[in-house]
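Hi,

Here is the structure I promised to pass along.

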Amino acid sequence: MLQSLLADRFHLKLHFETRILTVYALVVAKPDPDLVESTSQSESSDSAEPTAQESPLSIRLPSKPEDLRRGILVLYTGQSAQMTAKYASLDDLAHWFAGYSEVGGRPVINQTGLTGLYDFTLRWTRQSLAATPQPGSSDAASSDAPPLFAALPDQLGLRLKTAKAPVEVILIDHTDPPTDN
C-alpha cells in the first residue's frame with residue numbers, strides 16, 4: 001500500500017538488488033553457549049482468545065520481565081540495559097540487534113546454526129559508538145555491566161563478528177516532486 005502511494009504521489013520507481021555488504025554475524029563464541037532451551041509453553045497463554053475489550057490485533061506489552069510470555073523485552077535504566085527473552089529464537093535476537101543503534105546500523109545475520117527457542121537474560125552498559133568512554137567517565141561509572149560486545153560472549157556464549165554477506169537493498173531509480181492532493 002505504501003509503495004503504491006509513493007508511486008502515485010512521487011512517481012517513485014525503485015528496484016531491489018542483492019549486494020555484498022559488511023554485516024555483523026551472530027556466531028557461537030564457545031563450544032557450549034550459555035543458553036537455556038525453553039520448556040514447552042502452555043497452549044493457553046499463546047492461543048488465548050481476545051476478550052471483548054481487546055481486538056485480535058492488540059498487543060499487550062509487559063511492564064516487567066517476569067510478565068513477558070514470548071519474545072524479547074529490553075528495559076533501559078540510564079546507561080544500563082537488560083534484555084529478557086522467553087521462547088525467542090536466535091533469528092529473533094539477530095533481528096533485534098539489527099535495529100539497535102549500538103551495532104552501528106549494520107544488518108545482523110544469525111550464523112550460529114542453533115535453531116531452538118531459548119530463555120535468557122543479557123545485561124550490558126550502553127555506550128556511544130562515536131567515542132569509547134574512558135574509565136571513570138559517567139558512561140563507565142553508571143553501571144557495573146560490561147559493554148554489549150563484551151557481555152554477549154560472557155553471558156550467552158555468543159558474539160557479533162564483522163563479516164561480508166549478501167543483503168537485499170532498495171535502489172531508487174526515479175522520483176519527482178509530489179503531485180498535488
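Strands count as paired here if DSSP finds at least two bridges between them.

Before going on, some housekeeping. This is a predicted model, where local features need pLDDT of at least 70, side-chain atom pairs count only at pLDDT 80 or more, and totals for chains, interfaces and linings use all residues. Residues are numbered from 1 along each chain as its sequence is written, and side-chain values use heavy atoms, with hydrogens and water left out.

**Overall layout**

The protein chain has five helices and seven strands. Both kinds of element are DSSP runs numbered from the N terminus: helices are H or I with at least four residues, strands are E with at least two. Read from the N terminus, the order is α-β-β-α-β-β-α-β-β-α-α-β. Of the 181 residues, 29% count as buried; buried means under 20% relative accessible area, exposed over 50%, and partly exposed in between (1.4 Å probe, protein chains only). Among the contacts in the chain with a separation of 6 or more, 74% are between residues 24 or more positions apart, a contact being heavy atoms within 4.5 Å.

**Strands**

β1 also pairs with β7: the two run antiparallel and are joined by 16 bridges. One example is V27, whose bridge partner in β7 is R159.

Then there is an open sheet of four strands, in the order β2-β6-β4-β3, with antiparallel pairing. β2 (36-37) and β3 (71-77) are at its edges with a single partner strand each, so one side of each has no neighbour in the sheet. The β2 to β6 pairing is antiparallel over two bridges, and V36 has D119 as its bridge partner in β6.

**Cores**

The largest nonpolar core has 25 residues, and L122 and W124 have the most contacts inside it. The elements giving two or more residues to this core are β1, β4 (80-88), α3 (90-98), β6 (118-125), α5 (148-156) and β7. A second, separate core has six residues, including A25, V27, A165 and V167. By "core" I mean a set of buried Ala, Val, Leu, Ile, Met, Phe, Trp, Tyr and Cys residues joined through side-chain atoms within 4.5 Å.

L148 is found in helix α5 and counts as buried, at 0% relative accessibility. Leaving aside residues up to four places away in sequence, L148 touches F97, Y100, E102, V103, L122, W124 and T125. L148 and Q127 are 21 residues apart in sequence, with 8.3 Å between their C-alpha atoms.

**Surface**

The chain's accessible surface comes to about 11700 Å², 53% of it belonging to carbon and sulfur atoms; areas come from the Shrake-Rupley method with a 1.4 Å probe, and for residues only the protein chains shown count as cover. On that surface, L14, F16, I170 and I172 form a nonpolar patch, with about 380 Å² of accessible area together. β1 (13-28) and β7 (158-174) are the elements that give two or more residues to the patch. Patches are made of residues with over 30% relative accessible area and no salt bridge, with like charges joined within 9 Å and nonpolar side chains (Val, Leu, Ile, Met, Phe, Trp, Tyr) within 5 Å.

**Salt bridges**

How many salt bridges are there? The count comes to three, taking a salt bridge as a side-chain nitrogen of Lys or Arg within 4 Å of a carboxyl oxygen of Asp or Glu.

- R19 and E17 meet at 2.9 Å, N to O; R19 is partly exposed at 38% relative accessibility, and E17 is partly exposed at 30%.
- D34 pairs with K30, their closest N and O atoms being 2.7 Å apart; D34 is partly exposed at 36%, and K30 is partly exposed at 31%.
- D144 pairs with R123, with 3.0 Å between the closest N and O atoms. D144 lies in the loop between α4 (138-141) and α5 while R123 is in strand β6, so the pair ties together parts that are 21 residues apart in sequence. D144 counts as exposed at 67%, whereas R123 is partly exposed at 36%.

Cheers
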